[in-house]
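Here is a friendly note to read alongside the model.

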Amino acid sequence: MIKNILVTGGCGFIGSNFIRQQIKNNKNHIINFDKLTYAGNPDNLKSVIDSNRYTFIKGDICDKKKVLTTLLNSDPDAIVHFAAESHVDRSIDNPIEFINTNVVGTATLLESSLKYLNSKNKPFDTFRFVHVSTDEVFGSLSENGLFTEQTPYDPSSPYSASKASSDHLVSSYVRTFKIPAIITNCSNNYGPRQHPEKLIPKLIHNILNNKSLPIYGKGTNSREWIYVKDHCEALLKVFHKGKIGEFYNIGSNKNFNNIEICNHLINVAKKIIKI
């Protein structure tokens, strides 16, 4: 029975949604391990901060000592790993930061999990490590507009390359060390409390403030979009029913290019804003 869940990056957009759903709908104790970078907002979790089933620990997943100490002290039955640098433009400006967090940080978490399980003599089959990744590891959408679990990896930015590397690391620890891990690759998320650097909140902000809309190129770049709460519900299904070592794509089958997203938001705004 899962009692304690360690969530990395729980103050971020998707992680905080996952935590709020867990506190509301389940009886687990959540340990939120977050470095509180620019993308981590404690206000995302105001509604659960006073819960006796919620604990916050400030820490960096690259800090070997802090990660292992946290695991030994909190004794989790599962880890859900959200913590990551996740913005393409920032990865182009500073690739090393993405490699450190997404690759080295994931490796540190995996190695610490292995030491924790062995030192506690915990049966591996009662533990779960869910690695939350992205469909951007597959590169551009194919002609049929769909990725499958068999789609070859073809990362096209330092961000997606770092996430692809972390996916392979997790898979290697399953094969080599029998870490009971599952990898998920999700399409673009949207929803409340998303960081304003992301496409949809940035477009909404600029529309409301009568600013130019940042569409790159011809705006024909197409991605699949999923509401963040739907993503979190899918993660729970994978968490409870997923097969160790497997990769699971999570999506909505709803593809839109950037111009379509922009036009839709403008049309919604016209119905709301009085001119």
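1. Ala78 stands opposite Arg128 in E5. The strands involved are E4 (residues 78-81) and E5 (residues 128-134), which pair in the parallel sense over 4 bridges; pairing requires that DSSP find at least two bridges between two strands. Strands here are DSSP runs (E, at least two residues) and helices likewise (H or I, at least four), numbered from the N terminus.

2. A word on provenance: this is a predicted model, where local features need pLDDT of at least 70, side-chain atom pairs count only at pLDDT 80 or more, and totals for chains, interfaces and linings use all residues. Residues are numbered from 1 along each chain as its sequence is written, and side-chain values use heavy atoms, leaving out hydrogens and water.

3. E4 and E5 belong to an open sheet of 7 strands with parallel pairing, ordered E3-E2-E1-E4-E5-E6-E9. Strands E3 (54-58) and E9 (247-250) stand at the edges with a single partner strand each, so one side of each has no neighbour in the sheet.

4. Helix H2 (residues 64-74) lies across E1 (4-8), E2 (29-34), E3 and E4, and runs at about 170° to E2. Angles run from 0 to 180 degrees between N-to-C directions, with axes fitted to C-alpha atoms, for helices over the stretch in contact.

5. How do the axes of H4 (residues 95-120) and H5 (residues 158-177) cross? They come within 8 Å and cross at roughly 15°. That makes H4 roughly parallel to H5 (angles under 35 degrees count as such).

Conventions:
Parallel < 35°, antiparallel > 145°, perpendicular 65-115°, else oblique. Contact = heavy atoms within 4.5 Å.
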